[in-house]
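Hi,

Here is the structure I promised to pass on. Please have a look when you get a moment.

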Amino acid sequence: MPMPKPLELKCIDGRCPPNIDLVKEIALTPLEKKAIFFCLKNSIETLKERLREEIPD
Amino acid sequence: MKKTNLSISVIERVAEVFGEVYEKEADAIFRFCLLRTSDREVALDFTQDTFMRFWNSLLLEKDIKNHRTFLFTIARNVIIDWYRKKKPFSLETLMENATEGRSSFVLASTDNVETNSEAEFLIRKIAELPEPYGNAVYLRCVEELKPREISEILGESANVISVRISRGLEQLRALLHLEHAHAKTT
């Protein structure tokens with residue numbers, strides 16, 4: 001395993017270490033984001049469909 | 001009949017709110033789950049589970065004052081349930097992935113290897129922080145929640161949370177300092 005680059009956390013004006021911001025780069029890939037939403041949307045649509053079926057003609 | 005029609009209209013209204021919140025918060029919730037599980041697949045499942053519970057709460061018209069803190073609270077509960085049911089070997093998973101050259105912490109928005117490695121390194125170090133410091137530092141410094149918001153998620157007073165953030169950051173600096181010293185000697 002390659003040695004991680006040494007990092008030093010620094011506070012500027014008492015604020016949180018700026019390089020922690022890098023962690024925000026860790027995110028869902030666009031595909032993962034869509035896939036999760038698709039599954040959730042399907043559940044929502046199924047529920048709506050079930051309710052519609054309850055309405056008589 | 002009226003009740004059913006109303007329910008459909010509620011669902012459509014709720015679905016709109018849900019879509020907006022999902023778009024805005026999905027990455028943050030995923031990151032939080034990843035930090036605590038070190039397993040991308042598990043974190044994906046937990047993100048989905050969290051939003052499904054959020055959807056159900058919206059449907060029940062629960063009084064949700066802050067969607068963000070509400071979601072983090074759900075995610076935290078999902079993770080706690082998981083720890084209770086099955087003690088995970090997240091560190092082992094992490095080591096296995098590292099040995100095999102796989103990483104759970106793939107960055108979505110950049111192909112920059114150096115940024116990727118720094119972000120991964122930092123999140124690992126935050127994950128190494130013992131509780132009660134890890135969550136407080138993470139939610140404050142990465143997700144930029146206010147101590148009052150973090151106190152809602154973690155069920156402590158804002159003062160307690162501020163102390164945890166401060167002590168947690170000291171520990172994080174110490175961890176990074178040790179790593180730096182270790183890297184220098186090898």
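Residues are numbered from 1 along each chain as its sequence is written, while chains are lettered from A and ligands numbered from 1 in the order in which they are written.

The model scores ipTM 0.73 and pTM 0.79. Confidence is lowest in helix 4 of chain B, with a mean of 54, and highest in helix 7 of chain B, at 95. Helices here are DSSP runs of H or I, at least four residues, numbered from the N terminus. Over residues 1-6 of chain B, pLDDT stays under 50. Where pLDDT is low, the predicted coordinates should not be read in detail.

Now for the backbone. Most residues other than glycine have a negative phi, and most peptide bonds are trans. B:Ser38, in the loop between helix 1 and helix 2 of chain B, has a positive phi of about 60 degrees. B:Ser38 counts as buried (20 or more other C-beta atoms within 10 Å, these being placed from the backbone) because it has 22 such neighbours. B:Glu61 also has a positive phi, about 55 degrees, but is exposed (12 or fewer), with 9. Finally, a cis peptide bond joins B:Glu131 and B:Pro132, with omega about 20 degrees.

Best wishes

Methods: Predicted model: local features only at pLDDT ≥ 70, side-chain atom pairs only at ≥ 80, totals over all residues. pLDDT = per-residue confidence, 0-100. Helix = DSSP H or I, 4+ residues; strand = E, 2+ residues; numbered from the N terminus. Contact = placed C-beta atoms within 7 Å.
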